[in-house]
Amino acid sequence: MRLVSLCPSLTELVFDLGRGPDLVGVTEWCVHPAEGVARVEKVGGTKNPAVARIVALAPDLVLLNEEENRREDAEALAAAGVRTLSSLPRDVADTAAMVRQIGAALERTAEAESIARDIETRGARVREAARGLREVPFAYLIWRKPYMAVNDDTFASALLVLAGGRNVFGAHPERYPEVSADELARARPELVLLSTEPFAFLPRHADELADLTGIPRERFVIADGELLSWHGSRTPRGIDYAEALVRSARG
């Protein structure tokens with residue numbers, strides 16, 4: 001089987017399903033596992049893949065993500081006769097279903113079932129542990145200049161809500177709303193998570209926001225964006241990580 005993956009989290013999943021040697025193309029942003037992806041041809045980025053080169057590689061299947069990848073690239077591949085499989089999980093249940101779907105497509109159903117059950121088991125445990133506890137109001141920022149947050153229709157927010165968080169921008173109509181320092185201050189989050197991706201927030205950015213908003217500096221946490229936004233085989237660790245972040249803020 002010849003495979004191309006155009007989404008970093010799906011590339012990692014392919015390796016964890018035991019199909020890494022079948023990858024003939026990945027994006028420049030596919031970095032895990034480092035040793036494995038180093039041996040695979042890079043076919044552009046998630047937003048600008050080399051469609052002609054992908055077609056020339058004659059893959060049996062191309063894996064895409066509806067948010068990471070562009071519709072026009074998926075349509076161009078389909079028009080060229082290339083089989084594609086696209087997904088967009090928004091929560092734990094969606095992720096488990098996606099893992100099973102990809103596992104079936106890659107003829108790795110047993111391996112996929114093991115990962116999917118781990119996702120479901122940890123998700124159920126974290127949900128039950130948060131039952132009856134006080135919700136922790138949080139904001140999850142993914143960009144600076146302008147500041148951008150996430151609403152409840154996002155994977156990262158879903159993990160944090162599962163663990164007992166309440167997204168202060170959760171009801172915003174845009175999935176990734178621009179927010180000002182004043183809006184953040186008025187929302188009064190007890191936890192402000194500054195993601196390491198797509199913008200790589202650093203401690204000095206937390207200092208800056210604390211000064212701008214008046215929110216106590218100790219409420220700001222640099223958060224591992226891969227654990228909170230990569231859906232797939234990293235999700236079990238992401239579930240536990242989200243729980244630890246919310247528990248720490250709850251005190």
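The chain of this predicted model has 11 helices and 9 strands; helices (H or I, at least four residues) and strands (E, at least two) are DSSP runs, numbered from the N terminus. The radius of gyration of the chain is 19 Å, close to the 18 Å that the globule rule gives for 251 residues, so the chain is as compact as a globular protein of that length. Here the radius is taken over C-alpha atoms, and the rule is 2.2 Å times the number of residues to the power 0.38. Along the principal axes, the C-alpha atoms fill a box of roughly 55 × 40 × 35 Å.

Residues are numbered from 1 along each chain as its sequence is written. Local features need pLDDT of at least 70 and side-chain atom pairs count only at pLDDT 80 or more, while totals for chains, interfaces and linings use all residues; side-chain values use heavy atoms, with hydrogens and water left out.

Of the 251 residues, 52% count as buried, where buried means under 20% relative accessible area, exposed over 50%, and partly exposed in between (1.4 Å probe, protein chains only). Contacts, meaning heavy atoms within 4.5 Å, were also counted along the chain: among those between residues at least 6 apart in sequence, 59% join residues at least 24 apart.

The buried residues are Pro 8, Ser 9, Leu 10, Thr 11, Glu 12, Leu 13, Val 14 and Phe 15. Just after α1, Gly 18 takes a positive phi of about 85 degrees.

Leu 106 lies in the loop between α5 (92–105) and α6 (109–130), and is buried with a relative accessible area of 0%. Leu 61 is 45 residues from Leu 106 along the chain, yet their C-alpha atoms are separated by 8.8 Å.

Glu 243 is placed in helix α11 (residues 235–250) and, at 11% relative accessibility, counts as buried. Apart from residues up to four places away in sequence, Glu 243 touches Arg 125, Val 126, Ala 129 and Ala 163.

Finally, the aromatic rings deserve a look. The structure holds 2 aromatic pairs; rings of Phe, Tyr and Trp (its six-membered ring) pair if their centres lie within 6.5 Å, and planes under 30 degrees apart count as stacked, over 60 as edge-to-face and the rest as tilted. The rings of Trp 143 and Phe 199 have centres 5.8 Å apart and planes at 70 degrees, so this pair is edge-to-face. Trp 143 lies in strand β5 (residues 136–143) and Phe 199 in the loop between β8 (191–195) and α9 (203–213), so the pair ties together parts that are 56 residues apart in sequence. Trp 143 is partly exposed, at 33% relative accessible area, whereas Phe 199 is buried, at 19%. Phe 199 also forms an edge-to-face pair with Phe 201, with 4.8 Å centre to centre and 75 degrees between the planes. Phe 201 is buried too, and Trp 143, Phe 199 and Phe 201 form one aromatic cluster.
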